[in-house]
Amino acid sequence: MSVVRCDGIVQIYKAHEVEVVALRDVDLVIDEGETVALLGPSGAGKSTLLWLLAGLLRPSAGRLWLNGADIGRLSQRSLDRLRAAQIGMVLQNPARNLIGYLSAAQNVTFAQRAVKRDRRRAGDLLRRVGLQDAGDRPAGRMSGGEQQRLALAVALANKPRLLLADEPTSQLDERSGAWVVDLIKRAADVDGTTAVVVTHDMSVSEALGRTVTIRDGRVGAEGRRGEDFVVVGREGAVQVPPEYHHLLPPGSMARIEELEDGIALRRAEP
Ligand SMILES: Nc1ncnc2c1ncn2[C@@H]1O[C@H](COP(=O)(O)OP(=O)(O)OP(=O)(O)O)[C@@H](O)[C@H]1O
Ligand SMILES: [Mg+2]
């Protein structure tokens with residue numbers, strides 16, 4: 001079964017009478033146990049998509065299924081319950097994931113409140129992110145990097161079916177970044193956790209099974225096993241990747257040439 005299904009998702013923010021279209025017509029299916037790196041330039045809509053997948057936002061248009069449930073049809077209460085039991089999230093700002101006055105260990109066990117408390121799992125998670133000796137320290141007094149690692153342990157505390165992590169290694173060095181990657185892959189292998197990870201870090205995206213690139217609010221490209229593909233969107237729209245803009249700049253015209261197995265675009269002077 002697919003854990004995530006987006007069908008023509010549109011997200012519009014309204015701020016001071018100005019509308020910002022953050023996502024337009026996003027179609028995306030993610031199956032159980034997949035690990036997906038969400039890539040794209042700043043402002044492309046990555047965090048917005050993650051917030052939607054977390055059920056923290058409801059889409060302006062389009063439909064979104066999480067674990068087979070159409071979230072547009074769920075009451076707020078059912079959605080809250082689904083989130084607490086099945087979704088683990090690491091927000092882009094590490095401190096916002098934690099309760100500052102609680103210890104590292106308390107933060108992890110607090111995240112298990114919707115399921116059965118499991119202190120052994122909590123200890124194991126802290127050890128895997130290198131915080132075995134930090135169990136008693138208040139989260140609010142930890143460094144940004146420690147908070148970021150703790151945030152992942154918290155997000156995985158209740159064996160979520162879906163892990164959503166927004167740049168979980170942005171404040172980490174290579175070694176602790178590798179712990180984070182290991183933990184995400186381990187969750188996928190051992191617990192069948194599906195992961196969607198926003199990242200600018202090549203070592204993270206290369207370690208995950210699939211890449212999805214968002215540009216200007218659309219899914220522009222996907223990659224599997226090191227190969228990148230452009231995605232043909234609704235109505236046949238294709239984004240020319242930036243590395244080809246010197247050959248076919250945005251706004252230029254192209255001639256379409258039919259080939260046996262597809263088409264070629266050639267720059268044309270109108
Ligand atoms: N709460 C909000 N109100 C208004 N506009 C917003 C809000 N949140 C995001 N946006 C706008 O939506 C667009 C997408 O933002 P988003 O945060 O999803 O991008 P991102 O890909 O995560 O970028 P970054 O890599 O910088 O984190 C941007 O144009 C942003 O300014
Ligand atoms: Mg973001």
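Here is a short chat about the labels used for this predicted model.

Student: Why are strand 1 and strand 2 called a pair?

Tutor: Pairing takes at least two bridges. Strand 1 (residues 2-15) and strand 2 (residues 18-31) are joined by ten bridges, so they pass and count as a pair. The two strands run antiparallel, and Tyr-13 sits opposite Val-20 in strand 2.

Student: What lies between the strands in that hairpin?

Tutor: Two residues, and in this hairpin His-16 takes a positive phi near 50 degrees.

Student: Now the ligand. What makes the side chain of Lys-46 a polar contact of ligand 1?

Tutor: The cut-off for a pair of N or O atoms is within 3.5 Å. An oxygen atom of ligand 1 is 2.7 Å from an N or O atom in the Lys-46 side chain, so the pair qualifies. The Thr-48 side chain does too, because its distance is 2.6 Å.

Student: How much of ligand 1 does the protein cover?

Tutor: It covers 63% of the 640 Å² of accessible area that ligand 1 has on its own.

Student: Which elements give two or more residues to the shell around ligand 1?

Tutor: Strand 2 and helix 1 (46-53). Helix 1 gives the most, with three residues.

Student: And how does that shell split by class?

Tutor: Five residues are nonpolar, seven polar and two charged.

Terms used. Residues numbered from 1 in each chain as written. Chains lettered and ligands numbered in written order. Predicted model: local features only at pLDDT ≥ 70, side-chain atom pairs only at ≥ 80, totals over all residues. Heavy atoms only, no water. Helix = DSSP H or I, 4+ residues; strand = E, 2+ residues; numbered from the N terminus. Polar contact = N/O pair within 3.5 Å; in protein donor to acceptor, adjacent residues only side chain to side chain. Areas by Shrake-Rupley, 256 points an atom, 1.4 Å probe, with all protein chains shown as cover. Nonpolar A, V, L, I, M, F, W, Y, C, P; charged D, E, K, R; others polar.
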